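Dear colleague,

Please find the structure below, handed over for your use. The findings follow directly after it.

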Amino acid sequence: MTKTNLADALVHGARPGGPVGKQVNWPVELGSTVVFSTLEEFEIAKEARYENGTPYYGRYGNNATFSLERLLAELDEAHGATLTSSGVSAITSTLLALARPGDHLLVAENLYGNTRAFCDGLLRSMNIDIEPFDPMEAIGEKIRPGTCAIMAEAPGSGTFEVCDLPEIGRQAKARGVPVVFDNTWGSPVFCNPLTLGADVVVYSGSKHLCGHSDAMLGVIAATEKYHSRIRRTVMSLGDKPGAQEVFLALRGLRTLKMRMEHQNKAGIEMASWLAGLPEVDRLLHPAFESCPGHRIWKRDFSGAAGLFSVIFRPCPEVRFRAFVDALTCFGIGVSWGGYESLVLPMTSERSRKLGQGPLLRFNIGFDDLETLKADVTQALKFLQG
């Protein structure tokens, strides 16, 4: 989809229909029970209840839900999309649909922490062999006859490496293995994983898609081969977003392209400024050469989110904590992708390989950048001692 068509789809897609005087937005569509005039109508709806487009019972979706799913599938050039109650549920439902006891699952070492925890916990307890892999190294030899899926994301959570998705996809397809890709950071505006080699793409819609830090939502978009299988698993689990979340996602998508373009520009400017501070040891932002996988990001992405990390020079922990506490414009929070600016200290085995100092993740919101720079500047005195 071209950028022009993307803009049109975001503005005009999933709008309510009507002969005259139609609303420009779907209302909050509430209701669990759907009634039918004839038994034949009921039976037809029941038969199609796993398809996105036929109301049968509230748990399977309604007209607003189906409209949003069709728009999201269009944005990702997918066969279909399925909504869930959170980004984590989108990931876990997908993996539950693809993995069976005795299977082998490859998971990237830099995945979102809750994804790794689910794999290492529940999936291992189901006798699924979980094998972590370095996303920046060749994966071909790790794929074996019992491999059920490969789970990756780019950039990596906290450390922001960008893996070579087309190469992973090429190796996987040669062996008939599906690739699941978390595209929450890039969104459909900056990356289309299904055109690069993924079979399933998942999102935390709570981030960029809704965009205002006021909704919990997950999205699974898949090729025809995997869409129905995953959708039936989601429905079997009884997972579903609320009506308010569907409304907020439809609202948020209208401005997604503009928000992403702003966060791309603001994030790069703020990251460049931070990289110039003497207290900073390394910048981890895919748009900069200091970040592993920069060349791949430049090839596969058309922009960057306002989320990145900075590794400071080694210092006493008490000073680093005082620096973070002294920030007034940046809240300390685990989410991102909204209008507010955030920071979050993060430590992992992979982050320690990239630098010895403390790592701080930044989310650049819609604050004035000079205000954010001044906030960091006034807090630096605590870092310096």
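Where is phenylalanine 160 found? Phenylalanine 160 is found in the loop between S4 and H6, where helices (H or I, at least four residues) and strands (E, at least two) are DSSP runs numbered from the N terminus. The model is a predicted one, in which local features need pLDDT of at least 70 and side-chain atom pairs count only at pLDDT 80 or more, while totals for chains, interfaces and linings use all residues. Residues are numbered from 1 along each chain as its sequence is written, and side-chain values use heavy atoms, with hydrogens and water left out.

Backbone features

Most residues other than glycine have a negative phi, and most peptide bonds are trans. Phenylalanine 160, however, has a positive phi near 65°. At 2% relative accessibility, phenylalanine 160 counts as buried (buried means under 20% relative accessible area, exposed over 50%, and partly exposed in between, with a 1.4 Å probe and protein chains only). The loop between S4 and H6 also holds proline 155, and a cis peptide bond with omega of about -5° joins alanine 154 to proline 155. Serine 187 is a residue other than glycine with a positive phi, near 60°. Serine 187 has its place in helix H7 (residues 187–190) and is buried, with a relative accessible area of 1%.

The sheet

Seven strands form an open sheet with mixed pairing, in the order S1-S7-S6-S5-S4-S2-S3; two strands pair if DSSP finds at least two bridges between them. S1 and strand S3 (129–133) stand at the edges with a single partner strand each, so one side of each is left without a neighbour in the sheet. On average, neighbouring strands of this sheet are turned by 20° against each other, direction ignored. For this and the angles below, axes are lines fitted to C-alpha atoms, for helices over the stretch in contact, and angles run from 0 to 180 degrees between N-to-C directions.

Strand S7 (residues 218–222) has five of its five residues buried, so it is largely enclosed by the rest of the structure. In a regular strand the side chains alternate between the two faces of the sheet. Both faces of S7 are covered, with Gly218, Ile220 and Ala222 buried on one side and Val219 and Ala221 buried on the other. Strand S1 (residues 80–84) pairs with S7 in the antiparallel sense over five bridges, and threonine 84 stands opposite glycine 218 in S7. Strand S6 (residues 200–204) also pairs with S7 in the antiparallel sense over five bridges; here valine 200 stands opposite alanine 222 in S7.

Strand S2 (residues 104–108) and S3 run parallel and are joined by five bridges, with histidine 104 opposite aspartate 129 in S3. Helix H6 (residues 165–173) packs on the sheet, where it touches strand S4 (147–153) and strand S5 (179–182), and the direction of H6 makes about 160° with that of S5. Contact, here and below, means heavy atoms within 4.5 Å.

Helix packing

Helix H4 (residues 87–98) and helix H5 (residues 113–125) pack at an angle of about 40°, with their axes 10 Å apart. H4 and H5 are therefore oblique to each other (angles under 35 degrees count as roughly parallel, over 145 as roughly antiparallel, 65 to 115 as roughly perpendicular and the rest as oblique). H4 passes H5 in a right-handed crossing; a crossing is right-handed if the near helix is turned clockwise from the far one by less than a right angle, and left-handed if anticlockwise. In this contact, Val88, Ile91, Thr92, Leu95 and Leu96 in H4 meet Asn114, Thr115, Phe118, Cys119 and Leu123 in H5.

The axes of helix H10 (residues 256–275) and helix H14 (residues 369–384) come within 11 Å and cross at roughly 30°. That makes H10 roughly parallel to H14, and their crossing is right-handed.

Phenylalanine 382 lies in helix H14 and, at 36% relative accessibility, counts as partly exposed. Not counting residues up to four places away in sequence, phenylalanine 382 touches Arg319, Ala322, Phe323 and Ala326. The C-alpha atoms of phenylalanine 382 and isoleucine 296 are separated by 37 Å, the two residues being 86 residues apart along the chain.

With kind regards
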